[in-house]
Amino acid sequence: MSKQMDLLQGTLDMLILKATSLGPLHGYGILLRIGQISKDRLEIQQGSLYPALYRLEHQGWITSEWGESENKRRAKYYRLTAAGKRRLQAETEKWNRMTDVIAGILETRPEEV
Amino acid sequence: MRLLNRVRSWWRGIFQRSLVQNEMEAELQFHVEARAEELVQSGVPRAEALRRARLEFGGMEGAKEECLEARGASWLDNLMQDLRYGTRTMMRAPGFTTMAVLALALGIGANTAIFSVVNAVLLRPLPYDQPDKLVQLWHVPPQATFPGIAEFPVSPANFLDWRSQTQSFEGMSAYGRGSYTLTGNGEPETFRMIAVTDGMFSILHARPLLGRGFVSGEDEPGHEQEVVLSYGVWRRRFAGNPDIVGKNITLNARAFTVIGVMGPDFEFPISTDPSLQAQMWKPLAWSDQDRAVRDNHNYAVVARLKPGVAVKQAQNELDGISNRLAQEYPSENKGWGAIAVPLRDDLVGDVRPALLILLGAVVLVLLIACANVANLVLVKALTRRKEQAVRVALGATRRRLLQQALAETLLLALAGGALGLVFAHYGVILIVKFLAQRLPRSSEISLDGWVLAFTAGISLLAGFAAGLAPAFRAAKTDVNEALKQGLGRATSDSGGSRTRDLLVVSEVALSLMLLIGAGLLIRSLWMLHQVNPGFEAAQVVTMEVAVPIGKFTEPAQQIGYFNRVLDRIRTLPGVQAAGLIDSLPLSDNGSMQPIAVEGRPPVAMADMPEVDVRLISPGYLGAMHLPLLEGRGVDDSDVAGRPGAVLISESMAKLFWPNESAIGKRLTLYFFPDQPRVVVGIVGDVKLYAVNETQRKATLYFPVAQLTAPRGAAFQSFGMNLAVRTGAAPVNMASTVGLAIHEVDPGIPVQNVRTMDEMISESLSPQRFTMLLLGAFAGLALLLAVVGIYSVTSYSVSRRTNEMGIRVALGARRTDVLMLVIRHGMMLALIGSVIGIAGALLLSRVIRSQLFGVQPTDPATFVAAACGLMIVVLAASYIPARRAMRVDPMVALRYE
């Protein structure tokens with residue numbers, strides 16, 4: 001059993017945007033996709049996924065429509081909007097800058113200060 | 001786009017709530033089942049798979065709640081929820097709801113009704129282009145000879161000088177009134193005609209519907225046979241004939257060309273009485289002789305300020321010109337000033353104070369209603385303390401509780417506002433009916449958009465005001481305290497009871513203030529009814545015999561006509577006396593004229609004393625029962641060719657001949673200087689213009705049979721008023737008398753038939769109306785205050801049943817218990833009364849202008865109002881107190 005990490009505050013939104021950027025997905029699909037990309041190293045509270053989806057939709061980053069799932073059942077599919085794409089890009093850049101800075105700080109050795 | 005997105009999601013959140021919830025349900029269901037499916041495929045039995053999937057998902061309901069909140073519409077959701085909850089609680093307590101809504105509806109309705117009057121009369125712009133630039137110009141007569149008269153009509157020569165010498169005005173126009181009889185087109189009919197100098201329509205920026213207005217030069221003599229019709233006359237009398245312009249019509253037996261028709265909304269001058277609106281306009285054509293008249297003041301003047309010129313500037317300019325004219329023409333103009341009054345002030349100056357007082361009164365009523373509702377809500381909230389406590393314990397925030405309490409009173413206030421609009425609708429109808437003849441623009445009073453906005457606004461305000469105290473009480477709920485008391489009744493809530501007492505005290509204070517105000521007005525009206533008008537009104541009917549201008553060309557013809565009329569009428573059975581006067585007492589008309597007393601040094605016209613001059617016929621004194629104090633009345637011997645005879649009023653005799661008899665003294669009328677006239681009799685003083693006039697008017701009566709052409713002008717025939725004293729009911733005589741006049745000359749209309757009693761009553765109608773309204777509002781306030789006291793006392797009695805039982809069981813007499821309860825109510829009333837009296841002392845000065853014969857601090861009124869209030873409060877607390885007295889100790893003690 002591989003070790004799972006708790007999700008950092010605020011990163012769930014980013015992950016959802018990333019997951020949907022690869023194609024329309026339903027809620028459960030997003031969960032699976034994130035699990036797949038992270039190789040199950042991240043645990044997402046299933047209950048917190050949906051409020052995040054509704055919030056993102058309300059903000060206009062993603063939109064939803066009803067469609068048919070792979071096993072012929074009605075499911076709600078989420079798709080990234082143009083605004084969402086820009087948002088993902090901006091968030092990704094911000095995240096990268098942030099991790100660089102944080103990593104730089106953490107790697108600093110006493111003699112370098 | 002994102003905004004659109006958000007709005008759409010709010011919209012769905014609020015109005016398609018169930019749809020959203022269903023979708024969410026389906027989505028989460030799909031999630032769980034998809035997970036379960038996966039588990040089934042990995043070999044878990046189906047039932048177990050579903051259970052595990054649900055467990056993994058976690059709190060399903062919490063997630064749903066969070067999803068809804070994520071939509072960003074939660075505050076709206078909360079509000080809707082509060083409102084729904086509020087509606088439910090209201091439905092469950094119909095008694096409480098009815099009471100609260102009714103109280104608010106009465107308060108809001110009264111406010112709406114009065115505001116709609118204020119809106120139409122004081123706020124809505126006059127129906128002209130840029131009306132705030134329009135001013136009315138008046139003379140200010142010298143105070144020494146015209147005591148107490150601030151505005152006076154204008155003379156032609158002075159008007160022309162003002163017009164040519166001022167720079168402040170875009171235009172200036174003089175106008176006068178007259179009546180013209182239309183013949184040759186169906187029944188003869190008399191119309192109200194305004195004669196205007198040429199600029200009037202352009203000053204008002206008024207465009208005719210058809211044809212044109214008067215152009216420059218049309219007010220020259222010889223060019224004035226033109227007329228502009230009002231829309232109403234055009235439609236009614238000329239069947240709206242579109243080809244009317246250019247046609248000739250016959251007015252006062254002369255041909256006039258119709259040159260234009262005004263639109264339906266045009267009105268000038270605006271009349272306080274819609275039934276006296278102008279119906280036609282013709283050019284005011286002054287001859288050279290007329291234009292030179294500086295001493296006879298008969299015209300009103302309207303003017304439009306140039307853009308950027310303030311009234312003050314124009315006033316300064318007029319002051320300068322008046323000074324110059326006074327120096328140039330001292331004999332006519334010494335002491336005569338000029339004043340520019342904004343048109344609206346000129347129109348509504350008289351009614352503004354009364355309307356503002358009424359507006360103040362209804363605001364007080366609404367405050368009382370709010371206090372009342374706050375009280376009811378507080379009492380009701382006590383029964384819900386437990387519920388509140390449970391909610392706090394479960395994590396409801398203060399803000400949430402506050403919001404919910406406010407939502408409830410807001411809901412009450414909105415319902416009250418809606419019902420209030422219904423009340424206001426009928427109130428406005430009533431007000432218009434009563435005031436139609438006294439209130440300018442009363443026909444425009446309606447519940448328009450502004451009024452509706454006002455109502456919505458004060459409903460919300462009232463909701464907040466009424467909800468504030470209960471809301472803060474709710475938010476202060478002490479969980480432990482409330483829950484400790486278990487399911488039973490609250491036995492202590494000292495804080496809450498203090499708030500309620502405070503509300504009751506303020507209700508009492510406010511309603512006492514209104515009661516005192518109404519009391520002062522009632523006393524005033526009573527005093528006015530005690531005023532002796534100087535004549536005996538009962539059994540007298542009056543009517544105007546409207547001789548048209550130009551009907552007669554010589555005084556003798558007019559005298560002859562009126563003699564025939566009087567002779568004819570005196571033969572009618574039931575007529576005890578009949579006489580004529582040019583202007584009836586208590587009508588707005590009259591004439592002030594300078595006189596010269598023989599034997600006193602001659603002075604310039606401007607320095608001559610002014611007296612009210614009336615023309616009368618023999619029989620007038622008898623018809624009016626005007627007392628003859630000395631000498632004789634005018635009789636059939638006082639005719640042209642005989643020595644001029646005059647009667648003077650007692651006050652005039654005292655003013656001019658304080659230490660000797662006035663009989664036999666001689667004087668000359670400035671405007672009728674043909675002969676000196678001898679004082680032959682002294683009659684009692686009469687209220688000439690209004691019942692509430694405080695200054696006695698020095699009055700001179702001279703016989704119409706000695707009438708001549710006035711100084712410097714040709715004779716113009718005019719109408720007079722007939723006063724008939726009858727044995728029978730005066731109204732029944734009116735038609736008989738009217739027919740008799742018609743027989744003498746069918747071409748002369750008889751109009752304005754009124755009894756003298758009606759004239760007195762009409763003259764008092766504004767006072768009566770203010771009194772009635774303020775009285776009604778005070779009554780309303782008292783009712784609300786009583787309900788407040790009653791509910792507080794009732795509540796405290798039911799709360800203390802247990803205590804009463806113990807007292808009785810321990811040997812207290814029942815009267816002691818009774819007193820205990822009453823004492824509390826009376827204490828509140830006493831404190832409220834003291835505050836109310838203090839407030840009334842401060843505020844009653846505001847209504848001084850509406851009082852007559854009563855001081856604003858009249859002790860009798862104050863004491864009577866306070867005592868009346870106390871008695872009512874006593875009654876209101878006695879009923880619940882009796883209930884307390886009857887408490888059976890056994891029952892009471894078992895109660896808890």
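Figure 1. Chain A contains 4 helices and 5 strands. Along the sequence, these elements occur in the order β-α-β-α-β-α-β-β-α. The radius of gyration of chain A is 17 Å, well over the 13 Å given by the globule rule for 113 residues, so chain A is more spread out than a compact globule.

Figure 2. Among the contacts in chain A with a separation of 6 or more, 53% are made by residues 24 or more positions apart.

**Figure 3. Helix 3 of chain A, residues 46-59.** At 1.5 Å a residue, the 14 residues of this helix should span 20 Å; the end C-alpha atoms are 21 Å apart, which agrees. Helix 3 of chain A is mostly covered, with 11 of its 14 residues buried. The buried positions begin with Q46(A) and continue with L49(A), Y50(A), P51(A), A52(A), L53(A), Y54(A), R55(A), L56(A), E57(A) and H58(A). Charged residues are included in this buried set, namely R55(A) and E57(A). After helix 3 of chain A comes G60(A), which has a positive phi, near 90°.

**Figure 4. The side of chain B that touches chain A.** In the predicted complex, 23 residues of chain B are in contact with 17 residues of chain A. Four elements of chain B each give two or more residues to this side: helix 1 (2-15), helix 2 (17-41), helix 3 (46-57) and helix 4 (60-70). Helix 2 of chain B provides the largest share, 7 residues. Sorted by class, the side of chain B that touches chain A has 9 nonpolar, 7 polar and 7 charged residues. For the complex, the predictor gives an ipTM of 0.86 and a pTM of 0.76.

**Figure 5. Confidence along chain B and the segment 487-492.** Chain B has a mean pLDDT of 86, and 94% of its residues reach 70 or more. Over residues 487-492 of chain B, by contrast, pLDDT stays under 50. For this segment the model has 6 contacts beyond four places in sequence. Where pLDDT is low, predicted coordinates should not be read in detail.

Key:
Residues are numbered from 1 along each chain as its sequence is written. Chains are lettered from A and ligands numbered from 1 in the order in which they are written. This is a predicted model: local features need pLDDT of at least 70, side-chain atom pairs count only at pLDDT 80 or more; totals for chains, interfaces and linings use all residues. Two residues are in contact if their C-beta atoms, placed from the backbone, lie within 7 Å. The radius of gyration is taken over C-alpha atoms; the globule rule is 2.2 Å times the number of residues to the power 0.38. pLDDT is the predictor's confidence in each residue, from 0 to 100. The expected span of a helix is 1.5 Å times one less than its number of residues. A residue is buried if 20 or more other C-beta atoms lie within 10 Å of its own, exposed if 12 or fewer, and partly exposed in between; C-beta atoms are placed from the backbone.
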